[in-house]
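This briefing concerns side-chain pairings in a predicted model. Please keep the sequence and the structure in view while reading the points that follow.

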Amino acid sequence: LSLHDALPILFEFGGIEPNPTYETLMGAVELARAEKVDFLLAVGGGSVLDGTKFIAAAAHYDLAKDPWHILETVGGEVASAIPLGSVLTLPATGSESNPAAVVSRGEAKLSFYNPLVQPVFAVLDPATTYSLPPRQVGNGVVDAFVHILEQYLTFPVGGEVQDRLAEGLLQVLVDNGPRALAEPTNYQVRANLMWAASLALNGLIGRGVPQDWSTHAIGHQLTALHGLDHAQSLAVVLPSLLREQSAQKQEKLAQFAERVWHSSREDKALRIEEAIIRTEQFFQQMGVGTRLADYGLDARCIPGICSNLKLFGLTALGEQQDIDPDKVARILSHAL
């Protein structure tokens, strides 16, 4: 063989959107199938990584079936996938360190999970994040922060290691997030944010503890129907959801207030409200609005979001499965 014959053949596919769409990704699936691609390299942020995971699974999917079923079955039908690696340029979703992905199609935004789409390696170079615009820096920090809270703010089960790891990661984000906006080329700050975002959703802090994910389920509908950035949707939903669910989450919320926000209030209800206010203020400090009005939305958007949740069977959300569409409507009405 000549040297030329020994070189790998490379194909480049660009244009994956924030919140990757099924239609765009299917173009890459067709390319991968036609050229018998045997490895994928995702270079970008969480959307590129999520999209690449779908491409990896869909390229090997039964040709007689619509690959959208991968999402509808939450990854359960994935029996084979193209191996993939990643070069991360936007720390936020932790997609480089887990087997999960989210894909949009019209007004649907669904997720799937399968170990076959876990990246076989991830390159995390903090210097690649220096040029990120402030909006994406803020989004990334808020996204990672809420990922942690979805696994932490539930109810106590004696998971002291998981709690302390989660609280440490939250404090790293609180300490370094604003510094990344003020000092965009500070390598140490960027490195800590990149590592914290990866650890926030690599499965470690969620092992053996109850998880929530209702903020994500509701937020996904805001993104699908109204185009909010993923982190923007989370920042809108979370504070009002925590207030609505404060009775069920009171022990962990009080712990969050004390250990992360260093609240010393003796009254538990006041301590919890302080923690929620401080969280809102942190999101705002990162440049991410916490009200529907910040994105030009009002109460007219609420019925459509609740309708979408019903359409996709998301009618019993949260760690207690007690958040139904009526409760979602109350949560969003308090986020106007």
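Arg-265 is partly exposed, with a relative accessibility of 43%. Its salt-bridge partner is Glu-274, and the closest N and O atoms of the two are 2.9 Å apart. In this predicted model, the salt bridges number 18, and a search of the whole structure gives 11 aromatic pairs.

**Salt bridges**

- Glu-244 and Arg-330 form a salt bridge in which the closest N and O atoms are 2.9 Å apart.
- Because Glu-244 belongs to helix H9 (residues 230–244) and Arg-330 to helix H13 (residues 325–333), this pair ties together parts that are 86 residues apart in sequence.
- Glu-244 is partly exposed at a relative accessible area of 22%, and Arg-330 is likewise partly exposed, at 39%.
- Asp-322 and Lys-327 also meet through their side chains in a salt bridge, at 3.9 Å from N to O.
- Within that pair, Asp-322 is partly exposed, with a relative accessible area of 25%, whereas Lys-327 counts as buried at 11% relative accessibility.

**Aromatic pairs**

- A pair of aromatic rings is described by two quantities, the distance of the centres and the angle of the planes.
- Among the 11 aromatic pairs, Tyr-22 and Phe-54 are edge-to-face, with 5.8 Å from centre to centre and 65° between the planes.
- Tyr-22 lies in helix H2 (residues 22–35) and Phe-54 in helix H3 (residues 46–59), so their pairing ties together parts that are 32 residues apart in sequence.
- Both Tyr-22 and Phe-54 are buried.
- The pair of Phe-282 and Phe-283 is tilted, because the ring centres are 6.3 Å apart and the planes stand at 45°.
- Phe-282 is buried, with a relative accessible area of 3%, and Phe-283 counts as buried at 0%.

- Trp-261 is placed in the loop between helix H10 (250–259) and helix H11 (268–285).
- At 6% relative accessibility, Trp-261 is buried.
- Beyond its neighbours within four places in sequence, Trp-261 is in contact with Phe-145, Val-174, Phe-256, Ala-275, Arg-278, Thr-279 and Phe-282.
- Ring pairs link Trp-261 into a cluster with Phe-145, Tyr-152, Phe-256, Phe-282 and Phe-283.
- Trp-195 is 66 residues from Trp-261 along the chain, and the C-alpha atoms of these two residues are separated by 21 Å.

Terms used:
Residues are numbered from 1 along each chain as its sequence is written. This is a predicted model: local features need pLDDT of at least 70, side-chain atom pairs count only at pLDDT 80 or more; totals for chains, interfaces and linings use all residues. Side-chain values use heavy atoms; hydrogens and water are left out. A salt bridge is a side-chain nitrogen of Lys or Arg within 4 Å of a carboxyl oxygen of Asp or Glu. Helices (H or I, at least four residues) and strands (E, at least two) are DSSP runs, numbered from the N terminus. Buried means under 20% relative accessible area, exposed over 50%, partly exposed in between (1.4 Å probe, protein chains only). Contact means heavy atoms within 4.5 Å. Rings of Phe, Tyr and Trp (its six-membered ring) pair if their centres lie within 6.5 Å; planes under 30 degrees apart count as stacked, over 60 as edge-to-face and the rest as tilted.
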